[in-house]
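Biologist: Please put the structure on the screen, and then I will ask about it piece by piece.

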Amino acid sequence: MEAELKGLMKDLEALKRAIPDQSHQDSISKMQWRADQLVDLANSAPSRRSKVKDMSAEVVDSNPYSRLMALQRMGIVENYERIREFSVAIVGIGGVGSVAAEMLTRCGIGRLLLYDYDTVGMTKTDAAVQTLADINPDVVLESYTLNITTVEGFETFMASLTNKNFSTSKSGSGVDLVLSCVDNYEARMVVNQACNELNQTWMESGVSEDAVSGHIQLLVPGETACFACAPPLVVASGVDERTLKREGVCAASLPTTMGYNALKDYFPTMEMKPNPQCSNSACLERQKEFALAKPARDAIAKAKMEAEASSLAQCPVHEDNEWNISVVADSDVESPAVHGSSGVLPAGLVHELPSADEFPSSLATEEASTSVEDLEELRRQLEALNAD
Amino acid sequence: MEGWDPNTKSTLTKIPLLTTKAGPRDGAAWTQRLKEEYKSLIAYTGMNKSNDNDWFRISAANPEGTRWTGKCWYVHNLLKYEFDLQFDIPVTYPATAPELELPELDGKTHKMYRGGKICLTVHFKPLWAKNCPRFGIAHALCLGLAPWLAAEVPILVDSGMIKHKDAATASS
């Protein structure tokens, strides 16, 4: 750009000399002035900083990580720099995904994998990579422009999640967390499918059509309900969400809101256990694994409790308790857990999508014996009908 | 099924139901499902023809049967409006319905998502979920696309968003 501007200045100067006519001199001078302004603008444009090899806590203006590293000194995190070993996959680079990506980038996350098939003049993922690389060049950014719900897109999605080139030492999949920031039920079900198959912890998010409420759900395959365990719910916080849908606008692709209501600043939380009758077979496999690992988990929990108890016994925190202050367990005030399997929902909640009816066995016999026919023959039959 | 017209209801009962719960990643089970899809599409197309209500053509665009393309049309004020129709079978099929696309209408109506995917959220998705895995492509066309065309084409024509192909050539 600098060379281009210099060339422009030169050309204008030459033009001014070539045309002595006074009537043109003014307009050429004006053009020169504008070119000068452009040079100033170009000089003031921020340049991308160079990569940082090691995160330092030193407070100097050249160190972008001093504030984050200070978290270590304050005892909030043990080893902040470990963030550079982590990979996060963000599916959907829209209102939620792009903000999540920016925040993680500013925190100095090791690697971000970005998925979206939509465009904003250029592909959304490439646009995000451009912006994020300017914010923090230390982050490894991968851009995937694809639709994860198609067979082809799903294969690439799975391959990218299992690719361990970034940190070969890690067990499990190639990423540490998947963030679902999509705007439709189909894509959520696909993220759910992938994470169940890969035993990958993920977070689901959603914002309501009117943008004043939203939900966040942590999904640990086998341990908590998967997205197919409990079909989307509607929280009727005073009004049924359906009443919010307006004529002429397509009903929200967003599923439903089970969570934060900004108008009332109300953020209920609940735990959802997995549904033993979940329709997703990968979820059932993870549930089985989780149940089998229970003795090991109990042993670890017991050891931890004992260690804590012994350290407590060594030195009481407060010798006296003049004001009779006591710690009350959170569980006393928490709302009861919702079981995805029970079918009984707390008051005010209704299923948005019905669960499939029991399959009538009489029907099954009627449609059986389709296997005798050949797929090619069926294809020809349909084409014959299509032909006229 | 309350609120559906008797014609649609009676047509629906005659479309063969499917039994195999399998998606495109399920190998032999998917082939079986695909056969059932064909049987049900053949029956539905034949039924439409014999009832003088022929309104779509659809064929698998790849050997795996995961991508489908064709045409659909709707008659409004004695004029026929025809549109390209396409969709992919999602990896989570049949837990999730195919997202039917009319790419030519992309950007012309609010009742649509990016890429010309018609909005099925209220009138069709609950039915699909309730009838999984018995509903297939034919049911999606009958209960998803047909009512959408019936509701949206007259609005698109009357508001001038779409023009009949003869009118378009005559005026140019």
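Biologist: Where in chain B does P133(B) lie?
Modeller: Helices (DSSP runs of H or I, at least four residues) and strands (runs of E, at least two) are numbered from the N terminus. With those labels, P133(B) lies in the loop between α3 and α4 of chain B.

Biologist: Before we go on, what is left out of the side-chain values?
Modeller: This is a predicted model, in which local features need pLDDT of at least 70, side-chain atom pairs count only at pLDDT 80 or more, and totals for chains, interfaces and linings use all residues. Residues are numbered from 1 along each chain as its sequence is written, chains are lettered from A and ligands numbered from 1 in the order in which they are written, and side-chain values use heavy atoms, leaving out hydrogens and water.

Biologist: Which residue is joined to P133(B) by a cis peptide bond?
Modeller: Most peptide bonds are trans. At P133(B) the bond is cis, with omega about 5 degrees, and its partner is C132(B).

Biologist: Another cis peptide bond joins Y93(B) and P94(B); what is its omega?
Modeller: P94(B) belongs to the loop between β3 and β4 of chain B. The bond from Y93(B) to P94(B) is cis, and its omega is about 0 degrees.

Biologist: Is N77(B) buried or exposed?
Modeller: N77(B) sits in the loop between β2 (67-76) and β3 of chain B, and it has a positive phi of about 50 degrees although it is not a glycine. Buried means under 20% relative accessible area and exposed over 50%, with partly exposed in between (1.4 Å probe, protein chains only). At a relative accessible area of 60%, N77(B) is exposed.

Biologist: What is the relative accessible area of N324(A)?
Modeller: N324(A) is in the loop between α9 (294-314) and β12 (338-339) of chain A. Its phi is near 55 degrees, a positive value in a residue other than glycine. N324(A) counts as exposed because its relative accessible area is 65%.

Biologist: How many residues apart in sequence are the parts tied together by E152(B) and K111(B)?
Modeller: The two side chains meet in a salt bridge (a side-chain nitrogen of Lys or Arg within 4 Å of a carboxyl oxygen of Asp or Glu), at 3.3 Å from N to O. E152(B) lies in helix α4 (residues 137-158) and K111(B) in the loop between β3 (79-88) and β4, so the parts they tie together are apart by 41 residues.

Biologist: R57(B) is in a salt bridge with D54(B); is R57(B) buried or exposed?
Modeller: The closest N and O atoms of D54(B) and R57(B) are 2.8 Å apart. D54(B) counts as partly exposed, at 24% relative accessibility. With a relative accessible area of 14%, R57(B) is buried.

Biologist: What is the radius of gyration of chain B?
Modeller: Chain B has 5 helices and 5 strands, in the order α-α-β-β-β-β-β-α-α-α. The radius is taken over C-alpha atoms, and the globule rule is 2.2 Å times the number of residues to the power 0.38. For 172 residues the rule puts a compact globule near 16 Å, which agrees with the value for chain B, 16 Å.

Biologist: What area is buried between chain B and chain A?
Modeller: The contact (heavy atoms within 4.5 Å) takes 51 residues from chain B and 49 residues from chain A. Buried area is the accessible area (1.4 Å probe) that two parts lose on being put together, summed over both. Carbon and sulfur atoms give 60% of the area buried here, which is about 4,200 Å².

Biologist: Which element gives the largest share of the side of chain B that touches chain A?
Modeller: The elements of chain B giving two or more residues to that side are α2 (28-50), β1 (56-60), β4 (112-113) and α3 (125-130). The largest share, 12 residues, comes from α2(B).

Biologist: Leaving aside neighbours within four places in sequence, which residues are in contact with T150(A)?
Modeller: T150(A) is in the loop between β5 (140-145) and α6 (151-162) of chain A, and it is buried, with a relative accessible area of 13%. Outside its sequence neighbours, T150(A) is in contact with D88(B) and V91(B).
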